[in-house]
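Hello,

Here is the structure I promised to pass on. My notes on its helices and sheets follow below it.

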Amino acid sequence: MRNIDNSKIAEVFLVISVLLEIRGDDPFTYRAYRNVSRVIDRLPHQLTQIIQDGKDLKEIPGIGKAISEKILELVTTGELEYYEKLLKEFPDGILELIKVPGIGPKSLSRIWNELGVGDLVGLQLSIDDGSLKTLPRMGDKVIEGIRRHLDLLQASAGLFPTHVVMPVAQKIVNAIQDGFYVNLDVLLAGELRRLEEEVSKISIVCGIDDKQTEFLDFLQQLNEIFVINDVVGSKIFATTSEGIDLEILTSDKRKFAIDLIEQTGPNDHFQELMYAAKEENIELKECSFIDEVQVYKCVGLQFIPAELRFFPKIFKMAETNSIPELVSVNDIKGDLHVHSTWSDGKNSIDEMVESARSLGLEYVAITDHSAGLGIANGLTPERLIKKNLEIQKLDNSIEGIKIFSGSEVDIRFDGSLDYSDDLLQSLDVVVASVHNSMNQDRVTMTNRIIRAMENPFVTVIGHLTTRKIGLRPPIDVDLDTIFEVARDTCTALEINSSLVRMDLKDRYVNKAREMGVALIINTDSHNCEDLKAIEYGVKIAKRGFCQSHNIVNTLSLNAFLKWIRSEKSKRQIVLAELFEKEA
Ligand SMILES: [Zn+2]
Ligand SMILES: [Zn+2]
């Protein structure tokens, strides 16, 4: 029995239906497959489970003998002969073509039968030579959408989402640190250090001085994690078991800082730095530096943090010493978006709080989900009240950290919230988030979130655009208006540290900050380990030029208490005063 879930099976039947329609089969047949696909997609139980339980698939309404046999074949062998045969009648690229948004089965059928186009390359050509435009329903707007999709595919070719690559990279860094004596440091460089959303490779700099041979021998032992392809000078080229390119540069005390800058990139940045040095008659690679700060200093520049090296105007700012002092991980005093086993978290409140305390936080809010649509084990008002009692008890008995009661309350489709105002008022911290009806049009969605921000008890909007990188696009929302209302209603916006979200993204963080919106960096942790991800949220904030006074949870506990206990409409003034005092 294969581990195939319903959505995969439904997809196979949907593709069959589309291919039959393109082939010009009887509508009765392809519609039947489409219906089956829909039925399977909506089943509350997994088909593999139903089969394992020995139940008859034909008892499911909409599934007859022929389909039931096909499902059994798919689940037991992992393949379906009928489907494979059908696929062979078309070019290899047909599956990619089916996935292009904006092209339904009818158009696909015309594209294939009238233009002879059966893959993405052909589709691009048919746009370029104007033939696609001659087909019905292929107006300028549709074609523009298709073109954008093709561009996106091309742009993401060879790139991996950071949330996929980071754990792999961390595993490699740890393996080197644990297994080999490194007299300097093992540091992530490249796109991961800059925290781009997608990366082309993992880049690591290792300070091992002259132990190159021993180091290579050691790396060979890690062949379950990666395989070495080539060694050129001090650079080792490898491929991880996930198929990601890996570059390890070995360095020594003299070169480490400059190597780290070069490997961190982007390339343009390093070239510009080399050029600036040449102007001063300095050969950077010949010099010896203690750290990166010294490298920039020797060229007459202010230090440029790795997170800002992508920014085109950053050299100009460094020349005039106008890069502000950015927020750092040590500035963060609390985490205000944390889940526990009360909803969909993996660790108890005690465990989460203990971890937060050991990370040096002064306060933490436990914000489990509201009952909402019944997903994520959300809390009914009764359970929320019970949970608050538990928090109060723990807070009274624990030293060294303050525990806030809280909730991540669903913003319903119309902007109302899952809990009554009375209940919300009883909480210390309310994170309001969109978790459903994500396809609403821009006006409806914007108004929905505005309504939530206008609630006097909502502290912060969680993961504003709800995107998941590579998995789910952002909602359609008017961010300028949201930022304005956030500022005017004194609602903070969250920078979510989870790498799959990175939401708000750097560009929007920058905009919100410029418009005077208060920001909060949260982890949205679902287990103890997640709490450490705060460093990524801080990196996003840095990419948006945030200083500590732009981030509410850099306030010490007492100041933060004053902020949440002040009337919401006055929080902007209160915040400014508090930061003035703390400075
Ligand atoms: Zn959420
Ligand atoms: Zn959450």
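Predicted model: local features only at pLDDT ≥ 70, side-chain atom pairs only at ≥ 80, totals over all residues.

From helix 20, the contact uses Thr446, Ile449, Ile450, Met453 and Glu454. Helix 21 brings Thr481, Ile482, Val485, Ala486 and Thr489. By class, that contact has 6 nonpolar, 3 polar and 1 charged residues.

An open sheet of 7 strands runs in the order 8-9-10-11-12-13-14, with parallel pairing. Strand 8 and strand 14 (519–522) are the edge strands, and each pairs on one side only. Strand 8 joins strand 9 in the parallel sense over 3 bridges. Within strand 9, isoleucine 366 is the bridge partner of valine 338.

Helix 23 (residues 534–543) lies across strand 8, strand 13 (492–496) and strand 14, at about 150 degrees to strand 14.

Helix 17 (residues 349–358) deserves a look. Its buried residues include Ile349, Met352, Val353, Ser355 and Ala356. They span an arc of only 160 degrees around the axis, so they sit on the same side of helix 17. What covers them includes strand 8 (334–338), strand 9 (363–369), helix 18 (381–397) and strand 10 (402–410). After helix 17 comes glycine 360, with a positive phi near 90 degrees.

Another open sheet has 5 strands, ordered 2-4-7-6-5, and its pairing is mixed. Strand 2 (186–188) and strand 5 (226–232) stand at the edges. Each has a single partner strand, so one side of each lacks a neighbour in the sheet. From one strand to the next, the twist averages 25 degrees.

Strand 5 pairs with strand 6 (residues 235–240) in the antiparallel sense, over 6 bridges. Phenylalanine 226 is opposite threonine 240 of strand 6.

Helix 10 (residues 162–179) packs on this sheet. Helix 10 touches strand 2, strand 4 (201–207), strand 5, strand 6 and strand 7 (245–251), and its direction makes about 20 degrees with that of strand 4. Helix 13 (residues 256–264) also packs on the sheet, touching strand 2, strand 4 and strand 7. The direction of helix 13 makes about 180 degrees with that of strand 4.

Best wishes

Note on methods:
Residues numbered from 1 in each chain as written. Chains lettered and ligands numbered in written order. Contact = placed C-beta atoms within 7 Å. Helix = DSSP H or I, 4+ residues; strand = E, 2+ residues; numbered from the N terminus. Nonpolar A, V, L, I, M, F, W, Y, C, P; charged D, E, K, R; others polar. Buried ≥ 20, exposed ≤ 12 C-beta atoms within 10 Å, placed from the backbone. Arc of directions from axis to C-beta. Pairing = 2+ DSSP bridges. Axes fitted to C-alpha atoms, helices over the stretch in contact; angles between N-to-C directions.
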